[in-house]
Amino acid sequence: MWKPGSSSNKIWTVTVSPELRDRTPLVMVHGFGGGVGLWILNMDSLSARRTLHTFDLLGFGRSSRPTFPRDPEGAEDEFVTSIETWRETMGIPSMILLGHSLGGFLATSYSIKYPDRVKHLILVDPWGFPLRPTDPSQIRAPPTWVKAVASVLGRSNPLAVLRVAGPWGPSLVQRFRPDFKRKFADFFDDDTISEYIYHCNAQNPSGETAFKTMMESFGWARRPMLERIHLIQKEMPITMIYGANTWIDTSTGKKVKLQRPDSYVRDMEIEGASHHVYADQPHIFNAVVEEICDSVD
């Protein structure tokens, strides 16, 4: 379903169980290079007792691909404004807001600016929180595919190699990320997921360009969220969910707790999961998120 975003932009939206209006809806925001389809292992379970909304971020997937501001703060604000315009258009008074990776970064930024709209903030392996260490030994080694992306960055956008690959793009996705096919094997026994990720990123690199503007290098944000997390209203509960084997810095959860001593902050790790926690251990992930949602209403 298309929903208008800011100005003439459109946001591709999938809503499940719209009839369940007695409980606060759950809104899920995907990460860099993703789209609504990557939540397929979670949608049925998480929409069993409340409405679930997912959407393609502006500049990604099937949403509009505008030209973003070329400064980090402006690009971030464009994302956040598009989420708020989408919320207004959807008629959602308040929500449980869940964001993965880049989506976690943007969900946090949104919660700072629109705190009255968020009843619980759930951050799943959020990108862009820590400050970049000055000591290289303190940097957790990223996986091979991240190094590969970083090696071709130069002046190009992170996923430029996919577009250059043309029809060989899906095969390139499968080569660098064979784990995705395994993660979704219960749903697809072919290359559907690789094809989906390719087509999500084969178009004009709008959100991708914005992401590059916001990052210092692939793992770090130019405006780290740890420097701003204290701006979230202290009444807002935050849960941070990490994969035990992720390349993201999991100590961020502890640091958020230290910055919010009088607020509810829970951090946890899910065993057997890497960065894509929701797909690595979907049953455990779904149960954890359902428990959080039930604590709201």
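Predicted model: local features only at pLDDT ≥ 70, side-chain atom pairs only at ≥ 80, totals over all residues.
Across the whole structure, a search turns up 10 aromatic pairs. One of these is formed by Phe-60 and Phe-79, whose rings are stacked at 6.4 Å centre to centre with 15° between the planes. Because Phe-60 belongs to the loop between strand 4 (52–55) and helix 2 (72–90) while Phe-79 is part of helix 2, the pair ties together parts that are 19 residues apart in sequence. Both Phe-60 and Phe-79 are buried. A contrasting geometry is found for Tyr-278 and Phe-285: the ring centres are 6.4 Å apart and the planes meet at 65°, so this pair is edge-to-face. Tyr-278 is buried at a relative accessible area of 3%, and Phe-285, at 0%, is buried as well.

Phe-60 and Phe-79 also belong to one aromatic cluster, together with Phe-32, Phe-68, Phe-105, Trp-127 and Phe-211. Elsewhere, a charge meets a ring: the charged end of Arg-62 sits over Trp-12, 3.9 Å from the ring centre.

Turning to the nonpolar cores, the largest comprises 45 residues, and Leu-97 and Leu-121 have the most contacts inside it. At least two residues of this core come from each of several elements, including strand 3 (26–29), strand 5 (95–100), helix 3 (102–113) and strand 6 (118–124). Helix 2 gives the most, with 6 residues. Beyond its neighbours within four places in sequence, Leu-121 is in contact with residues including Leu-97, Ala-107, Ile-232, Met-236 and Ile-238. Another core, of 24 residues, lies apart from the largest one and has Met-28, Leu-98, Val-277 and Cys-293 among its members.

Key:
Residues numbered from 1 in each chain as written. Heavy atoms only, no water. Phe/Tyr/Trp six-rings, centres within 6.5 Å; stacked < 30°, edge-to-face > 60°. Helix = DSSP H or I, 4+ residues; strand = E, 2+ residues; numbered from the N terminus. Buried < 20%, exposed > 50% of the residue type's maximum accessible area, 1.4 Å probe, protein only. Lys NZ or Arg CZ within 6 Å of the ring centre and 35° of its normal. Core = buried A, V, L, I, M, F, W, Y, C linked by side-chain atoms within 4.5 Å. Contact = heavy atoms within 4.5 Å.
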